[in-house]
Amino acid sequence: QEMKPVLKAAPFPASFLRVGSMGWFALQPGIPRSAEVLDSGTGARFKPIFQALLDRGIYIAPSAFEVLFVSLAHKPADLTRFAQAMGEVLGSAKSA
């Protein structure tokens, strides 16, 4: 839930899709339902996000087309920290 306002403030279309403990950031308009509709600009938008999160000590998969997993090892404080960091990163991101 903490990600909704963060993604809404992004300078480009962004959403978070989740099924159980698996999630994925879609950095494009709409929710892609197949590989054929993936936006080729997603990788370029994702790269600086990945690097900025890494600089903040948060590691996520290095590709825009990989999913992430949340487990019992992640405490609520970890998820809050991630959402705050993502808000900072997207706040300084350039629109694409």
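Helix α3 gives the largest share of the lining of the largest pocket, 6 residues. Helices here are DSSP runs of H or I with at least four residues, and strands are E runs of at least two, numbered from the N terminus. The model is predicted, and local features need pLDDT of at least 70, side-chain atom pairs count only at pLDDT 80 or more, while totals for chains, interfaces and linings use all residues. Residues are numbered from 1 along each chain as its sequence is written, and side-chain values use heavy atoms, with hydrogens and water left out.

So what does the lining look like? In total, 28 residues line the largest pocket, with M3, F16, V70, L79 and F82 lying nearest its centre. By type, the lining splits into 15 nonpolar, 8 polar and 5 charged residues. Besides α3 (76-91), at least two lining residues each come from α1 (3-8), β1 (15-19), β2 (22-26) and β3 (68-69).

Then there is the largest nonpolar core, a set of 23 residues (buried Ala, Val, Leu, Ile, Met, Phe, Trp, Tyr and Cys joined through side-chain atoms within 4.5 Å; buried means under 20% relative accessible area, exposed over 50%, partly exposed in between, with a 1.4 Å probe and protein chains only). M3, F25, I49, L53, F82, M86 and L90 touch the most other members. At least two core residues each come from α1, α2 (42-55) and α3, and α3 again has the largest share, 6 residues.

Key:
1 Å grid on protein atoms, 1.4 Å probe; cavity = no way out; pocket = protein on both sides within 12 Å on 5 of 7 lines; lining within 4 Å. Nonpolar A, V, L, I, M, F, W, Y, C, P; charged D, E, K, R; others polar.
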